[in-house]
Amino acid sequence: MFKLLSGLLLVSSALAQSPAPTTASDDFQKYPTPIENITCKKLDYGSYTYAENARNSLIHSNPDLTHPNFAGKYLLLTNPMLFDTDWFVADCKTGRFFHDRVSGKVQFKADSSLIVVTEITKVPPPPQQMTWSNEQWIKLTLNDVPKADGLKTAAPVSAPATGPGVSAVTQAPQGDVFSGYEKEFAKYPATVSEVKCKDADFTSYFYAQNAKENLIKNNPKRDLPNFSGHYLLLEHPMW
């Protein structure tokens with residue numbers, strides 16, 4: 001049985017954002033891409049599970065799917081939700097979706113591979129710049145990591161982004177970020193079971209079924225318990 005450790009998102013058009021770059025134009029010009037004179041093929045929503053699930057919202061929120069609107073030959077498509085907005089990338093020449101997406105308010109241009117992402121929160125952090133290169137997002141910068149009480153943290157200037165298909169320009173310095181929790185873990189001991197885990201039943205939970213491909217890819221070791229003695233705690237990166 002699966003349980004989700006996050007909130008549920010509902011479809012809404014209130015947070016949909018149009019491409020209206022406010023970042024200095026020089027930033028976009030650093031990553032130029034010529035706009036190809038092509039007509040986009042019909043989108044293959046079945047090429048990506050998340051796109052298939054969001055099909056109605058994507059169609060409603062992106063009325064013009066005929067020509068590239070991002071990085072010369074791609075479609076950057078908005079999927080507005082109640083508390084956030086997802087963005088999908090599709091190849092105009094094939095209609096297929098790439099298995100990667102970003103979330104937030106996004107600024108972009110048709111002739112640049114750069115996007116500027118701002119989190120949709122009450123007090124958003126500074127915008128994050130990313131580029132689309134070799135069919136993946138590359139995170140260019142990372143805001144300073146705030147220190148939590150009792151924790152020793154490293155504050156990297158740049159660190160790897162998380163999620164399928166996302167890479168980083170530089171590696172973050174190593175930091176002992178969990179040292180403050182050692183005593184807390186010790187307060188809640190659990191005996192580690194030596195039994196082998198059965199195959200995960202992804203169909204037992206709707207969200208796990210939708211994230212099956214991602215869960216398998218990001219959790220290759222699923223044969224032994226990794227949490228609380230006899231459970232599997234599986235990572236599902238969405239950035």
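**Notebook: Phe88 and the aromatic pairs**

I looked up phenylalanine 88 and found it buried, with a relative accessible area of 1% (buried means under 20%, exposed over 50%, partly exposed in between, with a 1.4 Å probe and protein chains only). This is a predicted model: local features need pLDDT of at least 70, side-chain atom pairs count only at pLDDT 80 or more, and totals for chains, interfaces and linings use all residues. Residues are numbered from 1 along each chain as its sequence is written, and side-chain values use heavy atoms, with hydrogens and water left out.

I placed phenylalanine 88 in strand S2, residues 85-91 (strands are DSSP runs of E, at least two residues; helices are runs of H or I, at least four; both are numbered from the N terminus). Leaving aside neighbours within four places in sequence, its contacts include Tyr48, Tyr50, Leu75 and Arg101 (contact means heavy atoms within 4.5 Å). Leucine 75 is 13 residues away in sequence and 8.0 Å away in space, C-alpha to C-alpha.

Next, aromatics. I searched the whole structure and got eleven aromatic pairs (rings of Phe, Tyr and Trp, its six-membered ring, pair if their centres lie within 6.5 Å; planes under 30 degrees apart are stacked, over 60 edge-to-face, the rest tilted). Tyrosine 48 and tyrosine 50 pair edge-to-face, because their planes stand at 65°, with ring centres 5.5 Å apart. Tyrosine 50 is buried at 16% relative accessible area. Phenylalanine 70 and tryptophan 137 have ring centres 5.8 Å apart and planes at 40°, so I logged that pair as tilted. Both phenylalanine 70 and tryptophan 137 are buried.
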